[in-house]
Every structure is written in structure tokens, then in C-alpha cells.
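Let's take a friendly walk through a protein model. Have the sequence and the 3D view ready as you read.

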Amino acid sequence: MTGWNRSVTLLCSAVIALALAGCNVARLTINTPLTPESVAFIAEGRTTLADVVDTLGAPDSITDTETGTIVTYRFLNAKYSRVNFGWLLKPWSPVDPDLVFSRSGLGTDAFELLCDDHWIVTHHAFVRHRPAPPFTPYPF
């Protein structure tokens, strides 16, 4: 390998390493994520709230209504990734440029149960699911 090829290879490696230094990847999990398979044991009209609590644990909220009681389980399982291309300009810029490409979503998912006066589950459903966030380049 000639000196020129070695220099180009070293320069390309340094640029790639610097670009990757501005990358963040993280996972955030709040509570135990629920799936349709994990709540398949619930039979409307037969399963009691005590059975649900024994299997899923304590709910996040219990709300009284005119038609019964609403029990809510909230959970989140999200991935967050971000690339800050402005990081490369910090040594030459008097300001901290933040040119970010990211993909994330805010809010939690929820699973709700409606129980009658005898604490029997009459309805259950996943009521909120975060939509897949679109790719949003910032600050553009």
C-alpha cells in the first residue's frame, strides 16, 4: 500500500468515526408492554378484575363511571435514534449547531377494561397505540 492510499484510508476512517460519534440510540420501556397474546385469557362476562390483577399486576388507574368501572394499564416500549450532524461543526462554529435527524414518538399505549358492579370484565380493548412516527429531518 502506498503512502497516498494509506492516507486516504486513514482520512476516510477518521471521518466515519467522527460522524458516528454524533449518533444516539436508546430504548425506553415503561411498565410491562402488553400484547394481544398477553391479555388473551380475558373472557368478557366471566373474568373478574381479581383474575386480571393476579395475571397483569396492579393497574395504573381505576375510574368510576355511570356504567361501571374503567381500569387502565399504561405502557410504553419505544426506540429513539438520533444523528446530530451539527456535532462535526462544533470546532469551527461559535454557536452549537444542532442539525438532527431523529425518529421517536411521545405518549403511552393503554389497555382498558370496563367492569360491571360485580367487578366482572364486560369489555376490554387497546385504546391508544402510538402511530409509527414519520421520518422528520430537523431543523428542515
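## Aromatic pairs

Rings of Phe, Tyr and Trp (its six-membered ring) form a pair if their centres lie within 6.5 Å; planes under 30 degrees apart make the pair stacked, over 60 edge-to-face, and the rest tilted. How many aromatic pairs does a search of the whole structure find? The search turns up two. Keep in mind that you are looking at a predicted model.

Phe75 belongs to strand E3 and Phe126 to strand E6 (residues 121-128), so the pair ties together parts that are 51 residues apart in sequence.

In the other pair, the centres of the Phe111 and Phe126 rings are 4.9 Å apart with planes at 50°, so this one is tilted. Since Phe111 sits in strand E5 and Phe126 in strand E6, the pair ties together parts 15 residues apart in sequence. Through these ring pairs, Phe75, Phe111 and Phe126 are linked into a cluster.

## Buried or partly exposed?

Which of these rings are buried? Under 20% relative accessible area is the cut-off for buried. Phe75, at 4%, is therefore buried, and so is Phe111, at 0%. Phe126, with 23%, is partly exposed.

## The nonpolar core

Phe75 and Phe111 are also among the 12 residues of the largest nonpolar core, together with others including Leu34, Val71 and Tyr73. Helix H2 (49-56), strand E3 (68-84) and strand E5 (109-115) each provide at least two residues of this core.

Take a look at Tyr73, one of the core residues. Leaving aside neighbours within four places in sequence, Tyr73 is in contact with a list of residues that includes Leu34, Val52, Pro59, Phe111 and Leu113.

## A buried threonine

Strand E3 also holds Thr69. With a relative accessibility of 6%, Thr69 counts as buried. Its side chain makes a polar contact with the side chain of Asp64, at 3.3 Å. Beyond neighbours within four places in sequence, Thr69 is in contact with residues including Ile62, Leu113, Cys115 and Trp119.

## How confident is the prediction?

The mean pLDDT of the protein is 77, and 61% of its residues reach 70 or more. Where is confidence highest, and where is it lowest? Helix H2 has the highest, at 94, while strand E4 (residues 100-103) has the lowest, with a mean of 52. Where pLDDT is low, the predicted coordinates should not be read in detail.

Notes: Residues are numbered from 1 along each chain as its sequence is written. This is a predicted model: local features need pLDDT of at least 70, side-chain atom pairs count only at pLDDT 80 or more; totals for chains, interfaces and linings use all residues. Side-chain values use heavy atoms; hydrogens and water are left out. A nonpolar core is a set of buried Ala, Val, Leu, Ile, Met, Phe, Trp, Tyr and Cys residues joined through side-chain atoms within 4.5 Å. Buried means under 20% relative accessible area, exposed over 50%, partly exposed in between (1.4 Å probe, protein chains only). Helices (H or I, at least four residues) and strands (E, at least two) are DSSP runs, numbered from the N terminus. Contact means heavy atoms within 4.5 Å. pLDDT is the predictor's confidence in each residue, from 0 to 100. A polar contact is a pair of N or O atoms within 3.5 Å; within protein, one must be able to donate a hydrogen and the other to accept it, and residues adjacent in sequence count only if both atoms are side-chain atoms.
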